[in-house]
2 protein chains.
Amino acid sequence: MGPPEPNAIPFRPKGKLPVFEEELEGWKGYIEWEKYPEKKKQVEEILKQYDFPDPPEFQLEPLPKTNPILTGERFKQYHYATGLRYIVDTSWQYVLKEKAEDMIHVLQFPYNGEPPGDRLVSTEITRNEDFFVRNHGGVPEIDPDKYFLEIEGLVNNPKRLTLAELQNEELFPRQTKVVSLQCSGTRRLEQIRQYPGDGDELINAPWGEGAIGTARWTGVSLKKVIKYCGGLKDGAMHVEFFGADTYFKKGKVYNYVVSVPWRKVKVHEVLLAWEMNGKPLPKIHGFPLRAVVFGYIGARSCKWLYKIRGIKDPSEAPVQRKEYLYYTPQIGKQNAMYSNGFSIQDMPVSSAIISPKDMDVITHDGKIKLRGWAFSGGGHWPVRVEVSPDGGSIWYEVPTENISTKYFHAWRLWEIDLPLDPEGWLEFCVRTWDNAMNTQPTFVRSAWNWDLHVTSSCHRIKVYSVNRSKPATAARLKALEEHGLSITPITKPLEIELETDEQYHASMKEQHGRDPLE
Amino acid sequence: MGPPEPNAIPFRPKGKLPVFEEELEGWKGYIEWEKYPEKKKQVEEILKQYDFPDPPEFQLEPLPKTNPILTGERFKQYHYATGLRYIVDTSWQYVLKEKAEDMIHVLQFPYNGEPPGDRLVSTEITRNEDFFVRNHGGVPEIDPDKYFLEIEGLVNNPKRLTLAELQNEELFPRQTKVVSLQCSGTRRLEQIRQYPGDGDELINAPWGEGAIGTARWTGVSLKKVIKYCGGLKDGAMHVEFFGADTYFKKGKVYNYVVSVPWRKVKVHEVLLAWEMNGKPLPKIHGFPLRAVVFGYIGARSCKWLYKIRGIKDPSEAPVQRKEYLYYTPQIGKQNAMYSNGFSIQDMPVSSAIISPKDMDVITHDGKIKLRGWAFSGGGHWPVRVEVSPDGGSIWYEVPTENISTKYFHAWRLWEIDLPLDPEGWLEFCVRTWDNAMNTQPTFVRSAWNWDLHVTSSCHRIKVYSVNRSKPATAARLKALEEHGLSITPITKPLEIELETDEQYHASMKEQHGRDPLE
């Protein structure tokens, strides 16, 4: 039982659906595509026969008020046409089983979801069921006893390692690290609302501020594993990760494949993890083994990792070469190529106000509490958080004692009691400085890009301030209370008179009326 | 037959509905309230029995894609409860009869409508059926032979004048003048979208750029009529206009009453008009007689004018005293009074880009055409129009030969071929300077006010620029054409590859790959 599917589009098979068996016993939902060009070709021919439904035009219209917000009909139908309907179905079952009941289902399939804001910043370490999920395909179900990891390519001694071997502390010392993972789509909604974009075939999940989370990951440093395989061969500068999920791009099928540079592995910033916060990885987070690449875009932390290859150049696989590109603002559908965007790896400094929420009406006595997160990837950490009550002219520093633990590779949570005199609509924003003095671009416009990645501009919210310490406001609030009325919704007309005739005429007299004297 | 009523709410009468007969033979739909306090009291008691439906929360949500956009259930029900359902019905019939078929029905009742943008700026003089309508109640149906105008109050010789007398050129010289009327709600949508507001009981019609129009009005200068009545008495500084429409405010009923200062009448800037562009006034525009107050907010140009009173101070009637107030930004539901906003009379300098439209995708060869209107009320006229392709840093002057006729009291239409190199999302804006060197506030935020009046900030639109004179863009457009595909919708994923493998690898070689050398 899941939520309703508001925009499900019927699928009509063309002829008999193909059957692609699982490649390996105990690896349900894993189809090996990369080794079998003929199978990939077969799928390409099948997909050509269909007119798949267009992704919904949500970028030019308001988002539906449904949960899931988007259902991902097009991606579902790629799977249906390829005989993989069961993966769509079982994947949704894992959402219901492993994730909190009130997750915001940004995209039902492939599953993309984030936790409600309140819980997002309630603990430094994110609970597993609250941790955002950004999947690119379905959830494979792999029997840990049947699982093995292949290390191959430009490696001196290619090996196949079981989970038990990886977990054998006599072979590999165990590493546990607090690391934040962030999707480059975090806060994409802000870009979408101002300037829609993206010529990519994938649906751009309309993420809010919750596509980030922090966990205590346990596993083994990839460097140790590569050393165990005799190290990389000369000229090998990157390692490629293969995930067991099935991925579609422009009418072709793949496994999920990405790469990271060797220099990242060398400094022990790539972990092969089997535990998340002291528990086995949830299925939806990559069980039994995933990569965790510190400070990088989440997309490199490959889930359901079944193969690692030493390679010379960055991966040519579509997720690495054709996705997660960052374009200059004059690039768009009319001129975008893969080579004129740069590849997003390290995540920049960024932050968000989680409470209050955009468009909140806040009744206060001259001070209000703001809470949020701050993060910097790529080997930096937040050292200063500043908030502004006026859109970015006046800044208040968040007291350092109000910012949570410094980790090399994790976010910091913060809160501040902001002095607030003015009333009416205000624009609050936050910016963070990291230890390399990087800070955030000022406006969404300052850093807009066609694929709507990395919304790291100062996070802005509008709030309506009602300051009870002002006599006129205190009087109005009292009058409302006496009439059993509320100040909210703010746009609901006041049912009581604004002033008495006496007050009006006294005020007019004081102002010498509405008109000039002569 | 009208468009469907998407959010009609059933009305359940409490007991027998009252019957308020028309006061005068041949004055259908006109109930005289102002002379009869006991009738007003009766309505007040009736209205108290009802819980009327709240105005829709459209300011906090996207507007419905219906025409009418809003139906005005609450205002309709005020009329139903007062036994005036027929006025609601006949008023809509006049919309269908007198207005263009494709009017944008911003509010069905009281009727508020504006023409589509293309026609708005197609002629200097707006066609009667395209002229915006901002009514506050229903449309009275007055027999011109039974019509008379009362002149009373602080006038030396109070009189009652028939339409024939007013039109008698031996008594009054006829005046014909090109005058723009503008609702202070024009472009309100821009304020609503950024910062919802308004504690007023009326629904804030979400106007676009079309609540302005220009007509050639014919009638008699009010000054001549007052002189004919022996002039105003000493101490009379204002004249009050009574309209035959029924108006509700905070549970009470009124006729529509406003005032203008005598100084405005004195310089012949108040016309009592019976012709609009050489034709009798349409019923919906005030037949048989209305005021036309040059350069003032449209609200003062009282329709279905049946009485004029000389008075000392501005009118105490709710439309004058309690509506059309302009507040400082810290005033809102928590502290707004009638005396702490100023009364909107003269309209400031303002302008709008009508073509292209917000969010348009424009394929061009380095130049695009912009068209719009420019206006300044209060005795000024536009002398310069400037447009910016970058949100307000670089400005291009519209060549003076591309701006239409200068009138003392009317808008000017303009167009410009704007040189345009950059691609992607751009923010265009326009500002106008009037002959007193007044220009427009920069941003909506700069001049936001609680009642969402007078959106005169630089009008901004977002356009997506596709410049065919750029080789990469020309190549992409050609490729799209060859595949029978279109560049729009801009957010629809490209179905073709962005570049060949060869192009990608050549480019990577040129860039020395994605990573640093060492």
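Between which two helices of chain B does the loop with B:Pro489 lie? The loop runs between helix 10 (471-482) and helix 11 (501-510) of chain B, and point 6 comes back to this proline.

1. Ground rules. This is a predicted model, in which local features need pLDDT of at least 70, side-chain atom pairs count only at pLDDT 80 or more, and totals for chains, interfaces and linings use all residues. Residues are numbered from 1 along each chain as its sequence is written, chains are lettered from A and ligands numbered from 1 in the order in which they are written, and side-chain values use heavy atoms, with hydrogens and water left out.

2. An annotated domain. For residues 343-464 of chain A, an unreviewed UniProt entry lists "domain: Moybdenum cofactor oxidoreductase dimerisation". UniProt positions follow the numbering used here, feature names are shortened, and annotations may be inferred rather than shown by experiment. Over residues 343-464 the chain is 45% strand and 0% helix, and the end C-alpha atoms lie 40 Å apart. Helices (H or I, at least four residues) and strands (E, at least two) are DSSP runs, numbered from the N terminus.

3. Cysteines. How many disulfides does the structure hold over all chains? The count is zero, a disulfide being a pair of cysteine sulfur atoms within 2.5 Å. B:Cys458 is in no disulfide, and the nearest cysteine sulfur, that of B:Cys429, is 5.3 Å away. B:Cys458 is also buried, with a relative accessible area of 4%. (Buried means under 20% relative accessible area, exposed over 50%, and partly exposed in between, with a 1.4 Å probe and protein chains only.) For B:Cys183, the closest cysteine sulfur is in B:Cys302, 15 Å away and too far for a bond. B:Cys183 counts as buried too, because its relative accessibility is 6%.

4. In chain A, the axes of helix 2 (residues 73-81) and helix 3 (residues 85-98) come within 6 Å and cross at roughly 130°. Axes are lines fitted to C-alpha atoms, for helices over the stretch in contact, and angles run from 0 to 180 degrees between N-to-C directions. The two helices of chain A are therefore oblique to each other; angles under 35 degrees count as roughly parallel, over 145 as roughly antiparallel, 65 to 115 as roughly perpendicular and the rest as oblique. Helix 2 of chain A contributes A:Lys76, A:His79 and A:Tyr80 to the contact, and helix 3 of chain A contributes A:Arg85, A:Ile87 and A:Val88. (Contact means heavy atoms within 4.5 Å.) Turning to chain B, nine of the nine residues of helix 2 (residues 73-81) are buried, including B:Phe75 and B:Tyr78. These buried residues pack against helix 1 (37-48), helix 3 (85-98) and strand 10 (238-249) of chain B. Just after helix 2 of chain B, B:Gly83 takes a positive phi of about 75°.

5. Two residues of one loop. B:Tyr327 is found in the loop between strand 16 (325-326) and strand 17 (342-343) of chain B, and B:Gln330 lies in the loop between strand 16 and strand 17 of chain B. Are they buried or exposed? B:Tyr327 is buried, at 3% relative accessible area, whereas B:Gln330 counts as partly exposed at 34%. The C-alpha atoms of B:Tyr327 and B:Asn449 are 5.4 Å apart, although 122 residues separate them along the chain. Not counting residues up to four places away in sequence, B:Tyr327 touches several residues, among them A:Leu498 and B:Trp448. Leaving aside its neighbours within four places, B:Gln330 is in contact with A:Pro422, A:Glu423 and B:Asn335.

6. Backbone details worth a look. The peptide bond from B:Thr488 to B:Pro489 is cis, with omega near -10°. In chain A, a cis peptide bond joins A:Phe287 and A:Pro288, with omega about 10°; A:Pro288 lies in the loop between strand 13 (279-280) and strand 14 (290-293). A:Asn277 is not a glycine, yet has a positive phi of about 55°. A:Met437, in the loop between strand 24 (424-434) and strand 25 (459-467) of chain A, has a positive phi of about 60° although it is not a glycine. A:Met437 is exposed, at 63% relative accessible area.
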